[in-house]
Amino acid sequence: MRAVTLESVGPDATPQVTEVRDPLQLMSDALVQVHAAGINPIDWKTIAGKGVAAGIQRFPWVPGNDFAGTVLKSPYELSEFQPGDEVFGFASPALAWGSYAEKVAASTLQMAKKPESLSFAEAAAVPCAGLTAWDAVVRVARARTGQRILVHAGAGGVGHFAVQFARYFGAHVIATGSESSLDYLREIGADEVVDYRKQRFEEVLGKVDVVVDLIGNVKDDTGSRSLNVLKSDGLYLNIPTGSWPEYAEASEAAGVRYSHIKVEPDGQNLAIIARLLESGDVKVNLDSVFPLDQVNEALQQQAEGHTRGKIVLKVR
């Protein structure tokens with residue numbers, strides 16, 4: 001099969017499209033013909049030697065977490081997922097080969113049936129970002145009516161799901177973004193928007209119950225400033241790994257609750273998200289779609305940020 005491969009990871013690593021053998025299908029894995037694969041920050045961080053690079057078991061290695069495609073082989077005869085089923089899900093690239101390939105072997109516990117109304121490219125944009133937002137907004141913050149939730153970078157991959165989940169469960173949603181994203185943020189459910197280039201959010205907002213921070217202190221001390229808008233019993237959620245190493249100590253000093261978020265690749269939650277997508281209550285936005293041969297351009301665009309929604313590789 002054709003796949004994006006690396007012989008090593010680190011600052012100088014360069015992914016290339018090569019021919020490799022098919023992935024091994026083990027235990028509860030289904031073998032899936034990949035039609036599209038989503039690009040996520042964890043992908044380029046791992047390629048650069050960070051992220052989950054320490055878990056890589058062998059080279060050549062295939063990166064990629066998100067996939068959407070068609071089941072080729074089930075793990076057993078009466079599995080929920082049968083050959084021909086259209087699915088989307090979450091691979092485990094650090095422990096095996098990832099999804100930037102024509103085929104992927106992935107646990108059936110980490111996938112769900114693809115919503116019929118979504119294209120393969122749209123479905124491939126959902127798993128990692130959608131489940132991260134679900135874990136933050138629904139599972140941890142328990143979004144509900146009466147809450148005020150602030151989402152930083154609300155137009156991005158995780159952000160545009162976080163805004164919509166918070167809105168769906170009844171919270172008052174505030175989102176930060178650039179001027180060009182403000183109308184889009186309103187369209188997907190933000191009750192208030194803040195242009196981070198022209199306004200200091202802590203100067204224009206009232207107190208909030210939850211901050212979903214998708215920036216941290218890598219830009220303009222966004223994380224530190226977020227503590228100033230939280231209520232005394234508020235919750236600060238830091239999401240990008242390494243974006244603010246001192247968030248716990250600073251949150252303790254400010255007297256607010258806090259947590260980092262690690263995405264859980266739960267197929268049952270992905271199935272719930274699928275129903276919300278199918279009903280139209282939640283929508284996925286594609287920023288751009290690249291062919292597999294342009295994987296380096298896609299990764300570079302993701303690393304630069306400022307995307308509206310998700311970047312996807314078209315594999316088939």
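User: What makes Arg200, Glu202, Asp220 and Arg225 a network?

Analyst: Arg200, Glu202, Asp220 and Arg225 are linked by salt bridges, a salt bridge being a side-chain nitrogen of Lys or Arg within 4 Å of a carboxyl oxygen of Asp or Glu. For Glu202 and Arg200 the closest N and O atoms are 3.6 Å apart, and the pair therefore meets the 4 Å limit. The model is a predicted one, in which local features need pLDDT of at least 70 and side-chain atom pairs count only at pLDDT 80 or more, while totals for chains, interfaces and linings use all residues. Residues are numbered from 1 along each chain as its sequence is written, and side-chain values use heavy atoms, with hydrogens and water left out.

User: Why are Glu202 and Arg200 called partly exposed?

Analyst: Buried means under 20% relative accessible area and exposed over 50%, with partly exposed in between (1.4 Å probe, protein chains only). Glu202 has 22% relative accessibility and is therefore partly exposed. Arg200, at 32%, is likewise classed as partly exposed.

User: Which accessibility classes apply to Lys114 and Glu86, which form a salt bridge?

Analyst: The closest N and O atoms of Lys114 and Glu86 are 3.5 Å apart. Lys114 is in the loop between strand E7 (111–113) and helix H2 (120–124), whereas Glu86 is in strand E5 (residues 86–90), 28 residues apart. Lys114 has a relative accessible area of 9% and is therefore buried. Glu86, at 38%, is therefore partly exposed.

User: Why is Asp29 said to have no salt bridge?

Analyst: The nearest side chain of opposite charge to Asp29 is that of Arg58, 9.1 Å away; Lys and Arg count as positive and Asp and Glu as negative, while His and the chain ends are not counted. Because a salt bridge has to fall within 4 Å, Asp29 has none, although it is buried. Asp29 is placed in strand E3 (residues 29–39). The side chain of Asp29 reaches the backbone nitrogen of Ser107 at 3.3 Å.

User: What makes helix H3 mostly covered, and where is its kink centred?

Analyst: In H3, 12 of the 14 residues are buried, among them Pro127, Leu131 and Val138. The kink in H3 (residues 127–140) is about 30° and is centred on Trp134; the bend at a residue is the angle between axes fitted to the seven residues ending there and the seven starting there.

User: What makes a set of residues a nonpolar core, and which element gives the most to the largest one?

Analyst: A nonpolar core is a set of buried Ala, Val, Leu, Ile, Met, Phe, Trp, Tyr and Cys residues joined through side-chain atoms within 4.5 Å. The largest has 53 residues, and those with the most contacts inside it are Val126, Phe165 and Val212. H3 gives the most to this core, with seven residues. Another core, of 35 residues, lies apart from it and includes Val32 and Val87.

User: Why is Met27 called exposed, and what is its phi?

Analyst: Met27 has 79% relative accessibility and therefore counts as exposed. Its phi is near 50°, a positive value in a residue other than glycine. Met27 is found in the loop between strand E2 (16–19) and E3.

User: Why is Ala153 called partly exposed?

Analyst: Ala153 has a relative accessible area of 28% and is therefore partly exposed. Its phi is also positive, near 60°.

How values were computed:
Helices (H or I, at least four residues) and strands (E, at least two) are DSSP runs, numbered from the N terminus. A polar contact is a pair of N or O atoms within 3.5 Å; within protein, one must be able to donate a hydrogen and the other to accept it, and residues adjacent in sequence count only if both atoms are side-chain atoms.
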